[in-house]
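This report describes a structure for a reader who has not seen it before. It takes up a single residue, then one chain, then the contact between two chains.

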Amino acid sequence: MTLYFDHAASTPVDPAVAAAVAAALADPALQANPAATHAPGRAAHEQVEAARARVAALIGARPAEIVWTSGATEANNLAVLGAARFRASRGRHLVVSPLEHASVLAACRQLEREGFTITWLDPDRDGLIDPAQVAAALRADTTLVAVMAVNNETGVVQDVAAIGAICRARGVLLHVDAVQAAGREPLDVVAQQVDLLSLSAHKMYGPKGVGALFIDGTTLRRVAPLFHGGGQERGLRPGTLATHQLLGMGLAAELARTRLGTDRCGQTSLRDALWMALARVPGVLLNGHPLRRSCHIVNVSVEGVDGESLLLALETLAVSSGAACASASGEPSPVLRRLGRSDALAQSSIRFSLGRGTTAAEIEAAAAIFAAGVAHLRRLAPPAVA
Amino acid sequence: MDYPEAVRRLFFNPECVGPLLVRSTERLCRGEAGSDTAGVRILVEAAVQEDQVVRLAFRARGCPYLLAACSRAMVLLAPGPVGALAAFEPAGLMGELGIPTEKLGSLLILQDALRNCFRDWDTTQPAGAR
């Protein structure tokens, strides 16, 4: 049996969400196009709008500020490309954290090809961005800052509110990828002064294939769409809305909001117990800030072992690894490299990510499997070079 | 990642893992290759009696394919003539264990370690004994 410690990659669908999605798919009253004006269409539309309100409530937004997308990758692309392109006449400079998700980084590289300039922030060795550094990087032609709330690899939590205050004072838009933060950290787009914020359903116990982008009301008409079509989502994201998916995300958001305190408290104590157990193995290093971290991620590097072998030694654990990243891209994790880890340590990194269903017994079992796996590889390893 | 069954078996239950203990009638020869910074390092130890490898053992840091290949090579080369260490070619093992071609670089480091082990024996032999 595999113990699941990969909730940062995807969470299991909450049973209540799965039931609601299945019921919506089977309900003849919800099969119409939600954009249609007839009664079945209006019934579907009502469900879509109820879901929109639930997603908005999760982040302190108004329902009209939520735009449905196919997931966070699309939301991040729409935010970065759409906002930068729309405001290109005002300026073509962006300030971006290099620790962003690939979907933000790739969108920024696309903007560079279009003639935009990016100032890359320089996180410290714990993965934190100093808000003062953001302030210093802003220029008269800066239009957008992008900083993720919780890093998907290390779980490090950024001071979004401080960065938001700086951006708002300078009239610069702030985009926050909040995919890992949703349901784990309090989110309030008003208090944190966020202009654009991305969410993904399947990272908060909802279905895959659906996400959302919050666009502040005053910014709403100042984002250029990526797609062109029938005018749904106020022309920002045309295409027929998938009622059952949106309903599922709405319920997932509702559960994330109402369970935030319980989930956060429970996972924090389990996370700390896991780290304490892992740290008993010599040569295990915590990646990211020891305190400013989300409740669900423990990322460690292991000295003196090969990452790919470590992953096989831990095959009864569903975890993510720097070795897995390397096999996909041919490079060690850029995030861990930015934190000053060597190629070898970045490659031997393992990310444990906890979820609602994680138990203390699973933590204990995972720690034992980890210790045994590392011990196996170290028994095989040649003695250290003097 | 899915690994061939033979690789999995040798990864979880490797044979011929060092350190090697030698008897008074045997000579301990060692060959090392690779580096920790490169991510692959192999130490091969051989118990040699005259020109015969009596036992071989390895210790290695590397991917599962490399660890399996090291283990299998030790079994294939001992007991046997010490000259076989220098003549080792990885192609046969790659076929036998289903090792993908992108891992050839790691297996060439195993080849280097075996050759260095042979050299360790060879350089101490009287000229006539080689």
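In this predicted model, Thr123(B) has a relative accessible area of 55%, and because exposed means over 50%, Thr123(B) counts as exposed. Thr123(B) lies in the segment that follows helix H5 (104-122) of chain B. Computed along the sequence, Ile109(B) is 14 residues from Thr123(B), and the C-alpha atoms of the two are 21 Å apart in space.

**Chain A**

Chain A contains 13 helices and 13 strands. Its radius of gyration is 21 Å, close to the 21 Å that the globule rule gives for 386 residues, so chain A is as compact as a globular protein of that length. The C-alpha trace of chain A spans about 75 × 55 × 35 Å along its principal axes. Of the 386 residues in chain A, 58% count as buried. Among the contacts in chain A with a separation of 6 or more, 74% come from residues 24 or more positions apart.

**The interface of chain A and chain B**

How many residues of each chain are in contact with the other? On chain A there are 19, and they are in contact with 20 residues of chain B. Together the two chains bury about 1,700 Å², of which 59% is on carbon and sulfur atoms.

Eight residue pairs, with both residues at pLDDT 80 or more, are in polar contact between chain A and chain B. The rule finds two salt bridges across the interface. One salt bridge joins Glu308(A) to Lys103(B), with the closest N and O atoms 2.8 Å apart.

Two helices of chain A, H9 (307-313) and H13 (360-380), each supply at least two residues of the side that touches chain B. The table sorts the residues of that side by class.

| Class on the side of chain A that touches chain B | Count |
|---|---|
| Nonpolar | 11 residues |
| Polar | four residues |

Technical notes: Residues numbered from 1 in each chain as written. Chains lettered and ligands numbered in written order. Predicted model: local features only at pLDDT ≥ 70, side-chain atom pairs only at ≥ 80, totals over all residues. Heavy atoms only, no water. Contact = heavy atoms within 4.5 Å. Buried area = accessible area lost by both parts, 1.4 Å probe. Salt bridge = Lys/Arg side-chain N within 4 Å of Asp/Glu carboxyl O. Polar contact = N/O pair within 3.5 Å; in protein donor to acceptor, adjacent residues only side chain to side chain. Helix = DSSP H or I, 4+ residues; strand = E, 2+ residues; numbered from the N terminus. Nonpolar A, V, L, I, M, F, W, Y, C, P; charged D, E, K, R; others polar. Rg over C-alpha atoms; globule rule 2.2 N^0.38 Å. Buried < 20%, exposed > 50% of the residue type's maximum accessible area, 1.4 Å probe, protein only.
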